[in-house]
Amino acid sequence: MSSVGLVLANLRWKPTRTVLTFLSLVIAFVLFMLLRAISTAFTGGTTVAGVQRVMLDAKYSMTDNLPIAHINAIRMMPEVAAITQMSWFGGYYQDPKNEFAKAPVDHQTFFTVFPELLVEKDVLERFAESKRAVVVETGIAQRFGWQTGDVIPIKGDIWPKQDGSWDWEFVLAGTYTVPIDSRIQPWFLLRYDYFNESVMDWVKDQVGWAVVRVVDEIDPQQLIQTIDGQFEMSSDPTKSLSEDDYARQFASQLGDMALIATMILGAVFFTILLLTANVASLSFNERIVDLAVIKTLGFGNHYVGLLVLSEAMTLCVLGALTGVAISYGLEPLLQQNLVPIVGNFQMYLWDAVLALALAVAIGVVIGVHPAAAAVYLPIVEALREGQ
Amino acid sequence: MSQLDDQVSIRDTLNLKKVLIECQNLTHTYKRGGETLTVLSDLNLTIRQGDFVALMGPSGSGKTTLLNLLGGLDRVSSGVVRIQGVALDQLSESTLADWRAQTVGFIFQFYNLLPMLSALGNVELPLLLTKLNSKERRHRAQTALTIVGLTDRTKHKPSELSGGQQQRVAIARALVADPELLVCDEPTGDLDRDTADEILALLKMLNQQYGKTIVMVTHDPKAAEYASTLLHMDKGVLLSLRT
């Protein structure tokens with residue numbers, strides 16, 4: 001038995017209530033870590049894998065196409081290390097439910113633009129050998145049980161072929177892997193040259209967007225100005241953004257994510273504050289006689305006040321520690337799912353420290369009132385309540 | 001007995017024991033609905049070390065109030081309570097708490113054990129205020145439980161004990177810091193006759209073998225028979241004394 005033991009014994013006394021309060025705190029702090037990480041991803045800027053990239057799109061709408069001539073012109077610029085065009089391909093495999101992202105790309109440059117993607121040399125060789133070859137992210141291939149050399153039929157729904165059909169057939173050249181910390185989403189990559197020669201004439205020589213890998217020494221902003229300046233007066237002006245800004249802009253179509261995250265956090269913690277304050281108040285009222293007995297035994301007013309405050313703070317801090325630990329445990333899974341959407345998603349030590357500080361603050365806020373009541377609790381009147 | 005209003009001394013003229021408790025012109029009032037009620041009126045009382053005093057009287061006569069004042073749980077409105085020469089009204093709140101921890105053991109009618117602690121934990125609790133280490137505290141708590149005959153129930157929670165066993169734990173808790181004075185507020189009020197007799201015998205043993213001074217409020221004349229001195233109170237004044 002010690003003072004700490006007394007605090008823990010008090011928390012264990014009503015286990016169901018303590019566990020439920022504890023779990024609500026844990027969930028609140030998991031949400032805190034998650035939303036802080038998302039908020040940071042949206043407000044911060046990072047360069048992935050040490051590679052500088054610029055995303056290039058039609059100026060007025062993401063749904064407009066750009067002429068391939070633009071891509072060829074940009075390829076000539078000295079600031080450009082490599083460029084690949086991409087387009088939404090749409091379509092599905094066997095069943096409309098089997099959706100995954102597909103894009104025609106420049107097979108010669110795509111993996112140069114995205115050097116962090118892990119792909120075997122022989123896969124690239126097979127990709128280069130056949131126009132119908134595709135390279136697919138490992139997870140997609142595993143999902144459908146595809147093996148190298150398999151013929152993969154895709155039913156198109158955006159681009160009709162020259163013969164008017166929507167049936168495309170590709171041959172799997174191999175797979176590539178997306179590193180866990182990468183923001184690149186899993187793709188089914190087909191060759192642009194095959195796509196371009198197969199589609200109807202009105203689609204030919206157009207691309208959805210392009211990704212430029214910038215020469216290391218060059219500031220991407222400089223290239224952005226150069227590209228957009230060059231095509232400003234053309235019939236197809238461009239809008240270029242750094243990769244981070246592009247990802248943020250894409251996701252921000254859903255709304256101001258940082259503001260949404262902050263508002264959700266505010267609502268969650270306000271609710272938690274009310275809930276735990278109610279529990280602390282209930283707990284205090286139930287234990288008035290016990291606290292009076294502790295005082296009777298010779299424990300001072302401030303000791304009893306601290307005892308009550310410690311219980312609230314212990315619960316909050318343990319909830320925060322558990323929530324933070326769970327968040328770090330979920331980080332790899334969350335990265336896998338969120339990096340393609342929000343960019344550099346990760347948990348930050350600073351946020352963990354902030355969570356603990358918040359837990360202490362909540363503990364003080366909800367504990368201070370019952371603690372003060374305990375300090376000023378008159379022994380005789382309180383003991384009389386127990387009779 | 002008509003001279004009691006002046007001063008009640010429970011000292012046997014041949015008994016030279018030291019004075020432990022001294023109340024002088026003790027008056028206690030409280031306010032209820034704007035009205036001031038007098039609970040104790042100009043009460044004088046002396047209790048010596050090693051006395052076992054039973055305090056009887058009808059409900060509302062001021063017995064429990066007197067007990068609370070002797071135990072340092074409440075402050076007098078006027079007059080003086082001196083225990084071992086210490087005037088309690090002169091002590092600050094924190095000093096009074098320290099004094100209670102060292103000097104008084106409390107035994108209540110409804111035991112007032114902490115439900116979340118085991119019997120051993122309850123008995124060990126007052127020792128958190130001492131400089132004893134964890135091992136010493138545990139040893140001493142076990143000794144106190146042995147004295148009250150509860151060696152085999154140390155790990156049980158109060159809810160797992162009978163009323164008599166809970167009261168024994170409460171007595172062990174009152175004893176464990178080795179206080180000079182035990183104040184008991186109807187310690188057998190919630191117990192059947194046989195269990196009550198066991199508890200009273202235990203208190204008598206603590207008084208006779210360990211020299212504890214006991215002041216016990218009771219409504220039960222049989223319980224009062226265990227005491228060496230009987231005081232009657234009514235309407236805040238002492239009426240009679242029997243030794």
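How much area do chain B and chain A bury between them? In this predicted model, the answer comes to about 2200 Å², with 71% of it on carbon and sulfur atoms. That figure is a handy place to start, since the size of an interface is often given as the accessible area lost when the parts come together. Counted by residues, the interface brings 27 residues of chain B into contact with 25 residues of chain A. On the chain B side, B:Leu73, B:Met116 and B:Leu128 lose the most area to chain A, and together they make up 24% of what that side buries.

Turning to chain A, there is an open sheet built from 4 strands, running in the order β3-β11-β1-β12 with antiparallel pairing. Strands of a sheet pair through backbone hydrogen bonds, either parallel or antiparallel. Here β3 (80–86) and β12 (238–242) of chain A sit at the edges with a single partner strand each, so each has one side left without a neighbour in the sheet. From one strand to the next, the twist averages 20 degrees. The antiparallel pairing of β3(A) with β11 (residues 209–214) of chain A spans 6 bridges, and A:Val80 has A:Val214 in β11(A) as its bridge partner.

Helices pack on this sheet too. Helix α3 (residues 68–75) of chain A touches β1 (53–58), β3, β11 and β12 of chain A, and its direction makes about 165 degrees with that of β3(A). Helix α8 (residues 220–230) of chain A also touches β1, β3, β11 and β12 of chain A, with its direction at about 175 degrees to that of β12(A).

Back in chain B, a pair of helices deserves a look. The axes of α5 (residues 163–175) and α6 (residues 193–209) of chain B come within 10 Å and cross at roughly 15 degrees, which means that α5(B) is roughly parallel to α6(B). Their crossing is right-handed. From α5(B), B:Gly164, B:Gln167, B:Arg168, B:Ile171 and B:Leu175 meet B:Thr195, B:Glu198, B:Ile199, B:Leu202, B:Leu203 and B:Leu206 of α6(B). The residues of this contact split into 6 nonpolar, 3 polar and 2 charged.

Note on methods
Residues numbered from 1 in each chain as written. Chains lettered and ligands numbered in written order. Predicted model: local features only at pLDDT ≥ 70, side-chain atom pairs only at ≥ 80, totals over all residues. Heavy atoms only, no water. Axes fitted to C-alpha atoms, helices over the stretch in contact; angles between N-to-C directions. Helix = DSSP H or I, 4+ residues; strand = E, 2+ residues; numbered from the N terminus. Parallel < 35°, antiparallel > 145°, perpendicular 65-115°, else oblique. Left-handed = near helix turned anticlockwise from the far one by under 90°. Contact = heavy atoms within 4.5 Å. Nonpolar A, V, L, I, M, F, W, Y, C, P; charged D, E, K, R; others polar. Pairing = 2+ DSSP bridges. Buried area = accessible area lost by both parts, 1.4 Å probe.
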